Each structure stands twice: as structure tokens, then as C-alpha cells.
Amino acid sequence: MTVCSQLNSKSSLCIREMTIDDLAEVFHIGETVFTAEYSPSLYRTWDEYEVTSMFNTDSQLCLVAESADRTVGFALGTTVEKQHSAWKYGYLVWLGVCPRAQKLRVGERLFREMKRRMQAQGVRMIIIDTSADNEAAIHFFSKLGFDHPQQHVYMTLNLATPKKRRKKKKKNAAKS
């Protein structure tokens, strides 16, 4: 199903299911949006595998936004069913809009279509996650009705660091 609406006075926006031909463009938009500057401790990495894996497992919840025959955004989601729970959960894993199309409600339109599709699949609650300091994303999702933001702590361990520390300890022990 393709959902089209007016983007601005010059062009329209179409939200549709991703096809295999969209994978490269979606990956490149993600490379632009999900950078180390965006989130230095991003616990999920943005890579080719992430896009193809989502596409291969839940293609109905992989959407692209097109304007003037160019991909300007995407949303990748999945559903989760927990044992011993009557609820089915939707998880919006990635939502990316290229910088030139931000502030044109592309993300909102992608989310609305994702929500519609998840509801059709019996989802009762949609979950998203973002960094606690990503105020723009928190504001965006709050406007869409998400509430109860919780801060989570994600820590990183640079495996190259312990070697440097050991060298310093050895040098300090030799000085003693």
C-alpha cells in the first residue's frame, strides 16, 4: 500500500513498503543521520546488516518516504510477542529522515503509517528508544503521544584501553 500526501507546495510525499531496490538508499540516509556525533555510545550499530536483516524479517514494517522520486526517509520496525503475555508489542527500531527533508513532517508521516500497520497486526503497544540526551527525538515522540520516558544507562568499554593502563602501571611499579 502506498500512502501519498502533499509535502509542500511543489511536491508530494509517498509512504510505501520498502523494496530491495531501496536498501542502498536507506542505508546511505542512515549513515548520514546515525553518526558517532549523533550518539557516541550507540548500542545498536548502523550497518548494511541492520537494514537487510530488518528487511528480510519484517518487510511489511520497513517503510520508505519518497518525494520527487527520491527517498527522503525510512522507518524500520518489528513486532515482539512475549511468552505468557497476551500483548503483542511493536518496536520502532529506526526512523531516519535525510537532513534536507527534516521539519517537513516526513518522520511523523512515516510513524503514522507504521502505527497503522502495527495496529493491523494486533500490536497493543509501540516501543521506541533513544538516547536520554536526544531532546529532539524525545520532543518528536512526545508530540506523537509517547509518554513515560525512562532514562537508561548504556556504558561502553574500549577494549584497547586496558592495555594502555597496564603499561602505565608497569612503568609506575618500575619507578618505585
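Residues are numbered from 1 along each chain as its sequence is written, and side-chain values use heavy atoms, leaving out hydrogens and water. Because this is a predicted model, local features need pLDDT of at least 70 and side-chain atom pairs count only at pLDDT 80 or more, while totals for chains, interfaces and linings use all residues.

**Exercise 1. Work out which elements make up the chain, and in what order.**

Step 1: Take helices (H or I, at least four residues) and strands (E, at least two) as DSSP runs, numbered from the N terminus.
Step 2: Count them, and you get five helices and six strands.
Step 3: Read from the N terminus, and the order is β-β-α-α-β-β-β-α-β-α-α.

**Exercise 2. Decide whether Cys-62 is buried or exposed, and find how many disulfides the structure holds.**

Step 1: Set the classes: buried means under 20% relative accessible area, exposed over 50%, and partly exposed in between (1.4 Å probe, protein chains only).
Step 2: Cys-62 has 0% relative accessibility, so it counts as buried. Cys-98, at 5%, is therefore buried too.
Step 3: Look for disulfides (a pair of cysteine sulfur atoms within 2.5 Å); the structure holds zero.
Step 4: For context, 37% of the 176 residues of the chain count as buried.

**Exercise 3. Place Arg-117 in the fold and find which backbone oxygen its side chain reaches.**

Step 1: Arg-117 sits in helix α3, residues 106-120.
Step 2: Its relative accessible area is 9%, so Arg-117 is buried.
Step 3: The side chain of Arg-117 reaches the backbone oxygen of Gln-60 at 2.8 Å.

**Exercise 4. Describe the geometry of two aromatic pairs, Phe-27 with Trp-46 and Phe-34 with Phe-74.**

Step 1: Rings of Phe, Tyr and Trp (its six-membered ring) pair if their centres lie within 6.5 Å; planes under 30 degrees apart count as stacked, over 60 as edge-to-face and the rest as tilted. The structure holds ten aromatic pairs.
Step 2: Phe-27 and Trp-46 are stacked, with 6.4 Å from centre to centre and 10° between the planes. Phe-27 belongs to helix α1 (residues 23-33) and Trp-46 to the loop between α1 and α2 (48-57), 19 residues apart. Phe-27 and Trp-46 are both buried.
Step 3: Phe-34 and Phe-74 are edge-to-face, at 6.4 Å and 70°. Phe-34 is in the loop between α1 and α2 and Phe-74 in strand β4 (residues 70-81), so this pair ties together parts 40 residues apart in sequence.

Note on methods:
A polar contact is a pair of N or O atoms within 3.5 Å; within protein, one must be able to donate a hydrogen and the other to accept it, and residues adjacent in sequence count only if both atoms are side-chain atoms.
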